[in-house]
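Open the model in a viewer and keep the sequence panel beside it. The stops below say what to select and what is to be found there.

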Amino acid sequence: MLIDPDKLNVPAIISTVYAANEANVKLIFVGGSLINERIDSFIEIIKKNTEIPVVLFPGSLMQLSSKADAILLLSLVSGRNPDYLIGNHVLAAQYIRHSNLEVIPTGYILVDGGTVTSVEYISNTKPIPANKTDLIVSTAIASEMLGHKLIYLEAGSGANKHVPTEAIREVKRNISVPLIVGGGINTGEKVKQVLQAGADMVVVGTAIEKNMDSLMSLSKATSEIK
Ligand code: 1GP
């Protein structure tokens, strides 16, 4: 589950976390595109109400917090903006080193999801066209060779279409590190398609923001994979 500190007030955080407990959510990712000054207290509230590990999924340097358990140290390898490849990492390095955060080096690959998403706009990078499976796969292979321990195929929050199953299947066949897929996954059927194609984890944000009741059926879909 992805939750965006910018979009929830305190009662909503607590009810979302309760719903996550009920639905057997494995990880709570915290992040978004805009800055929220409450990131530390936001995470404290989450941690007070659940045992589920909290993982930072930072959209910016302002979303770092030593209160979380881990951080996806994202390198936006589909893009050619040095700030999102190494620049911000240099700025954050000492802070992260002196925190207790588990660092998970992640190759973050933005794939066109049929609409201009916040990540494309804010990062000033182009997504890889969804039908260019070879480019998506080569990017994932290069990312693993560079040492990333996780590959994240992202269509962007609220994408019209999630990453195509063909790309997921081919990336999975060509890497040995775990594969996360997110963006535009908003039904149980899509959760199943993405997992069946080879994703090790599915991230859902917008669908739960819009309708928290959908969480149970999305979660149930993960156990219906053959
Ligand atoms: C966005 O992959 C996540 O970074 C989740 O996307 O909000 O579309 O579920 P959604």
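Predicted model: local features only at pLDDT ≥ 70, side-chain atom pairs only at ≥ 80, totals over all residues.

Start by selecting asparagine 124. At 66% relative accessibility, asparagine 124 counts as exposed. This residue sits in the loop between helix H4 (118-123) and H5.

Select the loop between helix H1 (10-22) and S2 to find asparagine 24. Its phi is positive, about 60°, although asparagine 24 is not a glycine. Is asparagine 24 buried or exposed? With 52% relative accessibility, asparagine 24 counts as exposed.

**The sheet**

Now show the strands. Eight of them make an open sheet in the order S1-S2-S3-S4-S5-S6-S7-S8, with parallel pairing. Strand S1 (2-3) and strand S8 (201-203) are the edge strands, each pairing on one side only.

Walk along the sheet from strand S2 (residues 28-30), which runs parallel to S3 and is joined to S3 by three bridges. Select valine 30 and look across to S3, where leucine 56 stands opposite. Strand S3 (residues 54-56) is in turn joined to S4 by two bridges, and S3 and S4 run parallel. Here valine 55 has alanine 70 in S4 as its bridge partner.

Stay on alanine 70 and look towards S5: the bridge partner of alanine 70 there is glutamate 102. Seven bridges join S4 to strand S5 (residues 102-110), and S4 and S5 run parallel.

How many of the seven residues of S4 are buried? Six of the seven are, and S4 is mostly covered.

**The aromatic cluster**

Next select Phe29, Phe57, Tyr108 and Tyr152, which ring pairs link into a cluster. The structure holds four aromatic pairs. One of them is formed by phenylalanine 57 and tyrosine 152, which are stacked, at 5.2 Å centre to centre with 10° between the planes. Phenylalanine 57 is in the loop between S3 and S4 and tyrosine 152 is in strand S6, so this pair links distant parts of the chain, 95 residues apart. Phenylalanine 57 is buried, with a relative accessible area of 8%, and tyrosine 152 counts as buried at 1% relative accessibility.

Turn the view to tyrosine 108. Why is the pair of tyrosine 108 and tyrosine 152 edge-to-face? The ring centres of tyrosine 108 and tyrosine 152 are 5.1 Å apart and the planes are at 85°, and planes over 60 degrees apart count as edge-to-face. Because tyrosine 108 lies in strand S5 and tyrosine 152 in strand S6, the pair ties together parts that are 44 residues apart in sequence. Tyrosine 108 is buried too, with a relative accessible area of 6%.

**Helix H6**

Move to helix H6 (residues 165-174) and select Ala167, Ile168 and Val171, which are buried. Why do these residues lie on the same side of H6? They cover an arc of only 100° around the axis, which puts them on the same side. In general, an α-helix has 3.6 residues a turn, so residues three or four places apart point the same way. To see what covers the buried residues of H6, show helix H5 (133-145), strand S6 (150-154), strand S7 (179-182) and helix H7 (188-197), which are included in the cover.

**The cores**

Finish with the nonpolar side chains. The largest nonpolar core has 57 residues, and Ile46, Leu153, Ile168 and Val181 touch the most other members. Helix H2 (residues 39-48) gives the most to this core, with five residues. Apart from this core lies another, of 16 residues, including Ala70, Leu74, Tyr152 and Val203.

Which residues does valine 181 touch, not counting residues up to four places away in sequence? They are Leu153, Val163, Ile168, Val194, Ala199, Met201, Val202 and Val203.

Note on methods: Residues numbered from 1 in each chain as written. Heavy atoms only, no water. Core = buried A, V, L, I, M, F, W, Y, C linked by side-chain atoms within 4.5 Å. Buried < 20%, exposed > 50% of the residue type's maximum accessible area, 1.4 Å probe, protein only. Helix = DSSP H or I, 4+ residues; strand = E, 2+ residues; numbered from the N terminus. Contact = heavy atoms within 4.5 Å. Pairing = 2+ DSSP bridges. Arc of directions from axis to C-beta. Phe/Tyr/Trp six-rings, centres within 6.5 Å; stacked < 30°, edge-to-face > 60°.
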